[in-house]
Amino acid sequence: MRGIFSLLAIFAIAMVVFTGVGVLGLSQSTLDKAKQQAATDLATGIAYGVSTQMALLEQSVEQLATDDEVILAIESADPAWMEKISNKVQKVIPNALKIRLLPANVNAIDETTVPNMGYADLYMVKKTLTAKQPAIIQGEGENRHLAITAPIKKDGEVIGVVLASLKFDFIKGTLNSALIKDSFIEISQENVVLESGGDKALKNNSPQQISTLNIPWKISYWSTGARDFADISIIIGVVVFFALLMTGALFYGYWQMTVLLKKDQNKVLEAVKDLMTGKELGGYQVSLTEMQIIISTLAQFKRILDNKQSRSLENQGQVKLEDRDMLDLAAQSSIANKKSFASSFKKKK
């Protein structure tokens, strides 16, 4: 029985281990896809949030370009008045570092105010005279800013340009509010990283990318792939725990079965002893139903033996009675024959 339970324990442990490994293998691809999809959804949400805030800033600057005071200041061509009005409307634009009102014939940079208006800004202003330009980050160091332009028009003709130099810390705020976990997200303009968030250790292969709407920025993201050592250790620990639990349950069952079998074995041996010594079989309480059948069989066998013995005694008694009767009949027949012979002998004489 110990061998049987040992084989059952080995089989149970193997089944638990194989089941754990199988579930791990089947869930691996599903979890990876789920994490990849979660990272994609998160990056898409960040891209949407950044694009929405950029659209609001662009709309504010465009609305500023239609202000009557701004148009009058550009028409006056008075630098002092344009500076005064630009300082006034600057308070309207959130995150504004500097608002410049520039005439259509502008051809010089401005390094008198931080952030500076550099050659990249000047080029952007000139391009705005003919077409709408996407927002872009310009400059270096303390002069680094988000540049947004909008044409100032009168009667459908472009007479000037609004150049808004803005903070772009809302990008970092968007990443922080996203609570990035199990992934790494990076926002870049061309090859320059603007902001990033998440686990940088995941940045080890080709990323997935999402382009933001209406702005030349890209959102690159990396998600967790295969399970790390901590996850695998937890899974192995769970499998081993349940394997040991199954083994303990089987050997506890083996121990309980051994105890019950020993108790029932003693009862059966007691019943056999009573049967062999001719005692009456009493009530033998056993724990296992299978043992109760043995007790019942022994009791039935006892009754059969008793019936045979009683019939044997009756048959022996009948045989003795018949023999005695036969002797009596033989004796009587002999006496009768003697009397008949004597009487016949007297007559002859």
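Good morning. I begin with Asn95, which is found in the loop between helix H3, residues 79-90, and strand E1. Please keep in mind that the structure before us is a predicted model. Although Asn95 is not a glycine, this residue has a positive phi of about 65°. Is Asn95 buried, partly exposed or exposed? Its relative accessibility is 33%, and therefore Asn95 counts as partly exposed.

Glu190 lies in the loop between strand E5, residues 183-189, and strand E6, residues 192-198. Glu190 is not a glycine either, yet its phi is positive, at about 55°. With a relative accessible area of 71%, Glu190 is exposed, because exposed means over 50%.

Let us return to E1 and follow the chain onward. In the loop between E1 and helix H4 we find Pro115. The peptide bond that leads from Val114 to Pro115 is cis, and its omega is near 0°.

We now come to H4 itself, which spans residues 119-128. Which residues of H4 are buried? They are Asp121, Leu122, Met124, Val125 and Thr128. These residues cover an arc of only 160° around the axis, and so they sit on the same side of H4. The face turned away from that buried side carries two exposed residues, Tyr119 and Tyr123.

What covers the buried residues of H4? The cover includes four strands: E1 (96-103), E2 (136-138), E3 (145-154) and E4 (157-166).

E4 pairs with E1 in the antiparallel sense, over seven bridges.

Finally, I turn to the surface. Ile234, Val238, Phe241, Phe242 and Leu245 make a nonpolar surface patch of about 500 Å². One of these residues, Ile234, lies in helix H6, which runs over residues 229-277. Why does Ile234 count as exposed? The reason is its relative accessibility of 55%, because the exposed class begins over 50%.

Thank you for your attention.

Definitions and conventions: Residues numbered from 1 in each chain as written. Predicted model: local features only at pLDDT ≥ 70, side-chain atom pairs only at ≥ 80, totals over all residues. Heavy atoms only, no water. Buried < 20%, exposed > 50% of the residue type's maximum accessible area, 1.4 Å probe, protein only. Arc of directions from axis to C-beta. Contact = heavy atoms within 4.5 Å. Pairing = 2+ DSSP bridges. Patch = residues over 30% accessible without salt bridge, like charges linked within 9 Å, V, L, I, M, F, W, Y side chains within 5 Å. Areas by Shrake-Rupley, 256 points an atom, 1.4 Å probe, with all protein chains shown as cover. Salt bridge = Lys/Arg side-chain N within 4 Å of Asp/Glu carboxyl O.
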